[in-house]
Amino acid sequence: MDTHHATSHDLLHDEAYAPLLYSPLPDHPVPAGAPALGQRRPLKVFAVTLASLMFLASLVALVIHQSPQTPVTVDNDGPSMEWEGRGVAQGVSEKSFLGFSGRRLSYNWTTAMFAWQRTAFHFQPEKNWMNDPDGPLFHMGWYHLFYQYNPDSAVWGNITWGHAVSRDMIHWLYLPFAMVPDRWFDLNGVWTGSATILPNGQIIMLYTGDTNDSVQVQNLAYPANLSDPLLLHWIKYENNPVMVPPAGIASDDFRDPTTMWVGADGNWRVAVGSLVNTTGIVLVFQTTNFTDFELLDGELHGVPGTGMWECVDFYPVSINGVYGLDTSAHGPGIKHVLKASMDDNRHDYYALGEYDPMTDTWTPDDPELDVGIGLRLDYGKYYASKTFYDQVKKRRILYGWISEGDIESDDLKKGWASLQSIPRTVLHDNKTGTHLLLWPIEEVESLRTNSTEFEDVLLEPGSVVPLDIGSASQLDIVAEFEVDNETLEAMVEADVIYNCSTSAGAAGRGALGPFGILVLADDTLSELTPIYFYIAKDTDGSYKTFFCTDLSRSSLAVDDVDQRIYGSIVPVLDDEKPTMRVLVDHSIVEGFSQGGRSCITTRVYPTEAIYGAARLFLFNNATGVNVTASIKIWEMASADIHPYPLDQP
């Protein structure tokens, strides 16, 4: 047995931190113009001896007085301060984080820094811009992912459907474009769409096209050859569009069709996001042949004041089971999830409720947790998400677009922008009855290599404990924390009005928090990204636990990158301890608390804590409580992501 001796640093005073009815599709040939196609032994550490040395003066000097390098001028012809962003003028949500924002200065990034930012096991194209995941499905042994892509640049525009396949949703093969904007009904972009697999195996793809007149319409496409496992060629229905904005709906407020489901009458239904005044709504259309769609009376649901709903998702979950459900499933023991991406704030909200198939309406279980005002799939940078039912493993899988958190000029320099999250399984949280549990697919664990485990590490108030694991740029981390119960019970009140995003982050010290881990930190803590819990106690003895990620000290490039603090309340039940799982993959950090009850995805751009200089720490910056931590860390191998060898037999 090996024992690691970890030295503690002091953070005191630190300011950082039925029957199925359908008609077959028309049979068309493939069109002539189809698109062309360090090694360590695993360690178990059962005790950690903490030295009592405190480096208060030196640490505070390093943390408080460190400043970023002098910025340098960027040669670009970017817009001035009046720049309005990308996508908004075209009728979709903002597609960049900071844009140029009138800036003429950028951090002095090096080629090595940009190279480090590219991820090792998250899906991203070889180059250029990517945003929403589209039409995920499983067909003849392959998982297919389509995605919105700009083949010309690392910024949004000229949206085309990229295409990739995988056996396990971890290792990917790039394929030729599935669809390009080449018809009047999608000339300004092949936008978000969803796949439906019919009982006869036919695949229906409905997608939003931005027409030559900038009208958002819904179009139909389908594979040219269903016997092709790679689904290389797609046919756009010659009489597109199949749905146009109804009366009373603006031409730029009608987009993103869902996967279809079977209604009580045996007809197929599809939902489309829209807006009336300031009320976000979901419209429902029905069809018997997939080429003619009829708008049903009323709305599936709507919430006043939430703005335009895009990228709507609607699907069933079992309230007692451990498996996912086909999108058409209904009956006892089933709840329906309604999710929408909020155009106004670029967050993905969801709620659990009851779907009435006779009236085609959905009602939330709790109006206070309705779509747009309640729970989010992820409290970080996570948008335009889409699920599909994996019929082989009987699970529902969630993809999400992870945008950049830096300025556009930096993306243009490095030549790429945006990622897809690690796919997540979706289950009903049977314990709370109000939440979903979102968890990385089990296949990602195949990348785990060397592991190191630390058990029962005592974290005294104001301490930072380095974990000797070597470089920390690609990790899978599982941690459990236990707060001293006697102190917890004796506390009368602590931080009742706490909020992650408005707090001082990990530097804001309270009686019962923050405590957690520091990822992508350097030895001197000049850069660090805390992922942590913070407990607030009310005078009635009740507790609220917050799960947060703090980017305020994540990079010395302070003018170029996102430095916000993300997070929210996560229910920690009486029989539970605060737990987290964190996937670190270079510039993306995905955090999951309480088995996926709350998730936070962030983009991080350090300048010092990269390559071999990236480190991992435990910390407790509470003022009045000891915390005991147990943590297991796996180094992660890189995924194999490259073009499919179509030129080989």
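Residue numbers start from 1 along each chain as its sequence is written, and side-chain values use heavy atoms, with hydrogens and water left out. Because the model is predicted, local features need pLDDT of at least 70 and side-chain atom pairs count only at pLDDT 80 or more, while totals for chains, interfaces and linings use all residues.

**Stop 1: His435**

Select His435, in the loop between strand 30 (424-428) and strand 31 (436-440). Strands here are DSSP runs of E of at least two residues, numbered from the N terminus. His435 has 8% relative accessibility and therefore counts as buried (under 20% relative accessible area, with a 1.4 Å probe and protein chains only).

Next, show what His435 touches: Tyr350, Leu352, Leu375, His428, Asp429, Pro571 and Arg597, leaving aside residues up to four places away in sequence. Contact means heavy atoms within 4.5 Å. Of these, Tyr350 is 85 residues from His435 in sequence, with a C-alpha to C-alpha distance of 9.1 Å.

**Stop 2: strand 35**

Select residues 515-521, which make up strand 35; seven of its seven residues are buried. Strand 35 pairs antiparallel with strand 36 (residues 529-537) over five bridges, and antiparallel with strand 42 (residues 615-620), also over five bridges. Two strands pair if DSSP finds at least two bridges between them. Pick Ile517 to see both sides: its bridge partner is Ile531 in strand 36 and Leu618 in strand 42.

**Stop 3**

Display the open sheet with the order 28-7-8-9-10-44, where the pairing is mixed. Strand 28 (416-417) and strand 44 (641-643) are at the edges with a single partner strand each, so one side of each has no neighbour in the sheet. Inside this order, strand 7 (residues 128-139) and strand 8 (residues 142-150) pair antiparallel over seven bridges. Met130 has Tyr149 of strand 8 as bridge partner.

**Stop 4**

Finish with the open antiparallel sheet ordered 11-12-13-14. Strand 11 (190-197) and strand 14 (234-236) are its edge strands, each pairing on one side only. Select strand 13 (residues 216-223), which three bridges join to strand 14 in the antiparallel sense. There, Ala221 stands opposite Lys236 of strand 14.

Technical notes. Helices (H or I, at least four residues) and strands (E, at least two) are DSSP runs, numbered from the N terminus. Buried means under 20% relative accessible area, exposed over 50%, partly exposed in between (1.4 Å probe, protein chains only).
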